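Reader: I would like to learn how the features of a model are read one by one, with the general idea given before the particular case. Could we go through it together, beginning with the strands?

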Amino acid sequence: MTYVYTYRAGDKVMQNRNNYDIIWKKERTKNGVKIKEDGTGIFNGDIGMILSVNRAKKTAEIDFDGRICTYTTEMLDNLELAYAITVHKSQGSEFEAVILTVFSGYDKLYYRNLLYTAVTRAKKLLILVGSSKRVAFMIRNENRNHRHTCLKAMLTEGQADEETAEQQVFEV
């Protein structure tokens, strides 16, 4: 276990790896009727708020978008503070306000799709801090780092007909 952060009630946190076993409870009201829901799983990128910290029990109660769960100190390695996060980690989420810093740096890291992703995370407010020249550069820069994964070769290599594929899947 690594203690990197001191967590407090009110802290915004992000889950940094999938945990299918975390038990959560959720209460909501529909047409005046309280509905209780139970489930499992908090996943990489989920953002929550620490509701309380119990030092005696060494637990923290965290609200992930209405899903309330209890973390033990051993589980805290799965969390990080989320007051500020990278554009990469923000993918798939939206925020009331986004502040994007666009200063000079390594040109390959400043490309149009990154700017687009950052801008489209903001629901109400976007603040760009930095250089208008850098923003203009990003708009013009359509180059992206290409990933060389061999994925196509792995997917097409040794393709079998459907019967053989079914046998391979269910083979024990």
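Reader: How many bridges join strand 4 to strand 5, and do these strands run parallel or antiparallel?

Author: In general, the strands of a sheet pair through backbone hydrogen bonds, either parallel or antiparallel. Here strand 4 and strand 5 (residues 59–64) run antiparallel and are joined by five bridges; two strands are taken to pair if DSSP finds at least two bridges between them. Helices (H or I, at least four residues) and strands (E, at least two) are DSSP runs, numbered from the N terminus. Within this pairing, Ser-52 has Glu-61 in strand 5 as its bridge partner.
Before going on, please note that this is a predicted model, in which local features need pLDDT of at least 70 and side-chain atom pairs count only at pLDDT 80 or more, while totals for chains, interfaces and linings use all residues. Residues are numbered from 1 along each chain as its sequence is written, and side-chain values use heavy atoms, with hydrogens and water left out.

Reader: What is the strand order of the sheet, and which strands are its edges?

Author: The open sheet has seven strands in the order 3-2-6-5-4-1-7, with antiparallel pairing. Strand 3 (33–42) and strand 7 (79–81) are the edge strands, each pairing on one side only. From one strand to the next the twist averages 35 degrees, where axes are lines fitted to C-alpha atoms, for helices over the stretch in contact, and angles run from 0 to 180 degrees between N-to-C directions. Strand 4 (residues 47–54) is also joined to strand 1 (residues 12–15), by three bridges in an antiparallel arrangement, and there Val-13 stands opposite Gly-48.

Reader: Which elements make up the chain as a whole, and in what order do they run?

Author: The chain contains five helices and nine strands, and from the N terminus on they run β-β-β-β-β-β-β-α-β-α-β-α-α-α. Among contacts (heavy atoms within 4.5 Å) with a separation of 6 or more, 64% are between residues 24 or more positions apart. Of the 172 residues, 26% count as buried, where buried means under 20% relative accessible area, exposed over 50%, and partly exposed in between (1.4 Å probe, protein chains only).

Reader: Which residue takes a positive phi in the hairpin of strand 4 and strand 5?

Author: In that hairpin, which has four residues between the strands, Lys-58 takes a positive phi near 55 degrees, although Lys-58 is not a glycine. Lys-58 counts as exposed, at 53% relative accessibility. A second case is Asp-65, another residue other than glycine, with a positive phi near 55 degrees. Asp-65 is placed in the loop between strand 5 and strand 6 (67–72) and is exposed, with a relative accessible area of 66%.

Reader: How many salt bridges does the structure hold, and which parts does the pair of Lys-123 and Glu-96 tie together?

Author: Side chains of opposite charge can pair when their charged atoms come close. The structure holds nine salt bridges, each being a side-chain nitrogen of Lys or Arg within 4 Å of a carboxyl oxygen of Asp or Glu. The side chains of Lys-123 and Glu-96 form one of them, at 3.4 Å from N to O. Because Lys-123 lies in strand 9 and Glu-96 in strand 8, this pair ties together parts that are 27 residues apart in sequence. Glu-96 and Lys-123 also belong, with Lys-124, to a network of salt bridges.

Reader: Is Arg-134, which forms a salt bridge with Asp-107, buried or exposed?

Author: Arg-134 counts as buried, at 10% relative accessibility, whereas Asp-107 is partly exposed, at 40%. Their closest N and O atoms are 3.1 Å apart. Another bridge joins the side chains of Glu-80 and Lys-89, at 2.6 Å from N to O; Glu-80 is buried, with a relative accessible area of 16%, and Lys-89 is partly exposed, at 34%.

Reader: Which residues form the nonpolar patch on the surface?

Author: Patches are made of residues with over 30% relative accessible area and no salt bridge, like charges being joined within 9 Å and nonpolar side chains (Val, Leu, Ile, Met, Phe, Trp, Tyr) within 5 Å. Here Ile-99, Phe-103, Leu-125, Ile-127 and Val-129 form a nonpolar patch, with about 430 Å² of accessible area together; accessible areas come from the Shrake-Rupley method with a 1.4 Å probe, and for residues only the protein chains shown count as cover. Strand 9 (residues 122–130) gives the most to the patch, with three residues. Phe-103 is found in the loop between strand 8 (95–102) and helix 2 (112–119) and counts as partly exposed, at 44% relative accessibility.
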